[in-house]
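Q: I have a model open and want to read its fold step by step. Where do I start?

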Amino acid sequence: MHPSSSLAFVSLLAAAASAQNSTTECTKGLKMFVSRGTNETLGSGSDLGLGATGKLVKDIARRIDDSDYEGIPYPASMWEPSYFHSVANGTRMVRERMTAYAKACPDSKMAWFGYSQVTSFSLSPHISTVV
């Protein structure tokens, strides 16, 4: 990874982390976590990290009262950073967000959406301990 790419990615993660509330709001409906596919754009605002799966998740949120969704802003790249670093980062980020939510909202329902690189996350023993 080029130093400028590394710096940009670290800055992105810091911005995403600071944008999240320090307190977790539990939903009565369904809390959905979304990981976009390889090389999909990160997006911004309420579309941050949703990718193509965002349309499905937004539709579900409209149909299930008091539901919410959250995009996971992992790299989703093949080369910068490498696929394996991207999968490792994404796996860690999904695990951290879902674990934090499960601890803060033990009676809530959760779902995780994604495709492409995300299938590698689901094979990780670090994810299966949460899901």
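A: Start with the pairing of two strands. Strand S1 (residues 30-35) and S2 pair in the parallel sense, over four bridges. Keep in mind that this is a predicted model.

Q: What holds strands of a sheet together in general?
A: Strands of a sheet pair through backbone hydrogen bonds, and the pairing is either parallel or antiparallel. For a specific case here, look at Val 34: its bridge partner in S2 is Gly 71.

Q: In what order do the three strands form the sheet?
A: The order is S2-S1-S3. The sheet is open, and its pairing is parallel.

Q: Why is one side of S2 and of S3 left without a neighbour in the sheet?
A: Strand S2 (68-71) and strand S3 (109-114) stand at the edges. Each has a single partner strand, so one side of each lacks a neighbour in the sheet. From one strand to the next, the twist averages 20°.

Q: Which strands does helix H2 lie across?
A: Helix H2 covers residues 54-63 and lies across S1, S2 and S3. Read its direction from the angle between N-to-C axes. Against S1, helix H2 runs at about 175°.

Q: How do the elements of the protein run from the N terminus on?
A: Count, then order. The protein has five helices and three strands. They run α-β-α-β-α-β-α-α.

Q: How many disulfides does the count come to?
A: Look for cysteine sulfur atoms within 2.5 Å of each other. The count comes to one disulfide. This disulfide joins Cys 26 to Cys 105, with S to S at 2.0 Å.

Q: Where in the chain do Cys 26 and Cys 105 sit?
A: Cys 26 is in the loop between helix H1 (3-19) and S1. Cys 105 is in the loop between helix H3 (83-104) and S3. The pair is 79 residues apart and links distant parts of the chain.

Q: What is the handedness of the disulfide?
A: Read it from the torsion about the S-S bond. For Cys 26 and Cys 105 that torsion is about -85°, so the disulfide is left-handed.

Q: Is Cys 105 buried or exposed?
A: Buried means under 20% relative accessible area. Cys 105 is at 4%, so it counts as buried. Cys 26 has a relative accessible area of 42% and is partly exposed.

Q: What share of the 131 residues is buried?
A: Buried residues make up 39% of them. The accessible surface of the protein comes to about 7,500 Å². Carbon and sulfur atoms hold 58% of that surface.

Technical notes: Residues are numbered from 1 along each chain as its sequence is written. This is a predicted model: local features need pLDDT of at least 70, side-chain atom pairs count only at pLDDT 80 or more; totals for chains, interfaces and linings use all residues. Side-chain values use heavy atoms; hydrogens and water are left out. Two strands pair if DSSP finds at least two bridges between them. Axes are lines fitted to C-alpha atoms, for helices over the stretch in contact, and angles run from 0 to 180 degrees between N-to-C directions. Contact means heavy atoms within 4.5 Å. Buried means under 20% relative accessible area, exposed over 50%, partly exposed in between (1.4 Å probe, protein chains only). Accessible areas come from the Shrake-Rupley method with a 1.4 Å probe; for residues, only the protein chains shown count as cover.
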